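Visitor: Hi, could you walk me through the pockets and salt bridges in this one?
Guide: Happy to, here it is.
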Amino acid sequence: MDFDFSFAFQPIVDADTGGILAHEALVRGLNGEGAGEVLGRVTRKNMYRFDQACRVKAVKLASELGMTSKLCINFMPNAVYRAETCIQTTLAAANRYDFDTSRLVFEFTEVENLADTDHLISIIDAYEEMGFDIALDDYGAGYSRMNLLTDTTPEYLKLDMSLIRDVEQYPRKQAVIEGVLLTNDRLGIATIAEGVETEAEYQWCRGMGIRYFQGYLLARPGFETLPSPYIPSDH
């Protein structure tokens, strides 16, 4: 791979306790350039090496920063040819940098177009058998795959920011979110509202019983740092 990168970390806040559930590792350039700058250099040829390097770098930096919360690492399902084999580098990094593997959350995005959904389900099943948590990111955007919730059950589902934006003003968005919350409740999935930017968005989601939040209102991603979040009071 002919390029290097680093990470910013954004906290996911537990509104019930005021603590931090997890930090999501967000890829950045070495000088803090946005994710697009880095991901634009990922090709089919280097995808596997990039995916593996992301895991190692995220664990290393999280350990160096003294992270005690869970760590959300985004992975590329199309880069994983066999879950049990591809996880070995991650486990070795966690051991090397003294990071508890029970605090790892593997996050995949609903936006990614997968050629083989069965392959993704096999990865999720394998990771969960190993004791890792799974998060489904960007739910409600891109390639909708409801069958993922019937064939497997992630621990966390993150509502896409397109659903959250100005949700207090849009009854249709509210109806969709209410349906997702009912489904998650029945399946035992924790809901995370991501991309929360305003107090009104937060208060509406909080009123619906959502416990976990991520977004600029609470904290912007900190480049190679763990930012302290702002936690709104419940109205």
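Guide: One definition before we start: Ala, Val, Leu, Ile, Met, Phe, Trp, Tyr, Cys and Pro count as nonpolar, Asp, Glu, Lys and Arg as charged, and the others, Gly among them, as polar. By that scheme, the lining of the second largest pocket has six nonpolar, four polar and two charged residues.
Visitor: What is the model, and what are its ground rules?
Guide: It is a predicted model, where local features need pLDDT of at least 70 and side-chain atom pairs count only at pLDDT 80 or more, while totals for chains, interfaces and linings use all residues. Residues are numbered from 1 along each chain as its sequence is written, and side-chain values use heavy atoms, with hydrogens and water left out.
Visitor: What counts as a pocket here?
Guide: On a 1 Å grid over the protein atoms alone, a pocket is an open set of points with protein on both sides within 12 Å along at least five of seven lines, a cavity is a set where a 1.4 Å probe fits but cannot get out, and lining residues have an atom within 4 Å of a point. Grid points are joined across faces, edges and corners, and a volume is the space filled by probe spheres set on the points.
Visitor: Which volume does the second largest pocket have?
Guide: About 160 Å³. Its lining includes Leu181, Asn184, Met208 and Arg211.
Visitor: And the largest pocket?
Guide: That one has a volume of about 780 Å³. It is lined by 31 residues, with Glu24, Leu26, Ala35, Asn74 and Asp137 nearest its centre. By class, the lining splits into 16 nonpolar, six polar and nine charged.
Visitor: How much space lies in the largest cavity?
Guide: About 50 Å³. Among the residues lining that cavity are Ile12, Lys70, Cys72 and Tyr156.
Visitor: Changing topic, how many salt bridges are there?
Guide: The count comes to 13, a salt bridge being a side-chain nitrogen of Lys or Arg within 4 Å of a carboxyl oxygen of Asp or Glu. In one of them, Asp16 meets Arg206 at 2.7 Å, N to O.
Visitor: Is Arg206 buried or exposed?
Guide: Arg206 is buried, at 16% relative accessibility, while Asp16 is partly exposed at 48%. Buried means under 20% relative accessible area, exposed over 50%, and partly exposed in between (1.4 Å probe, protein chains only).
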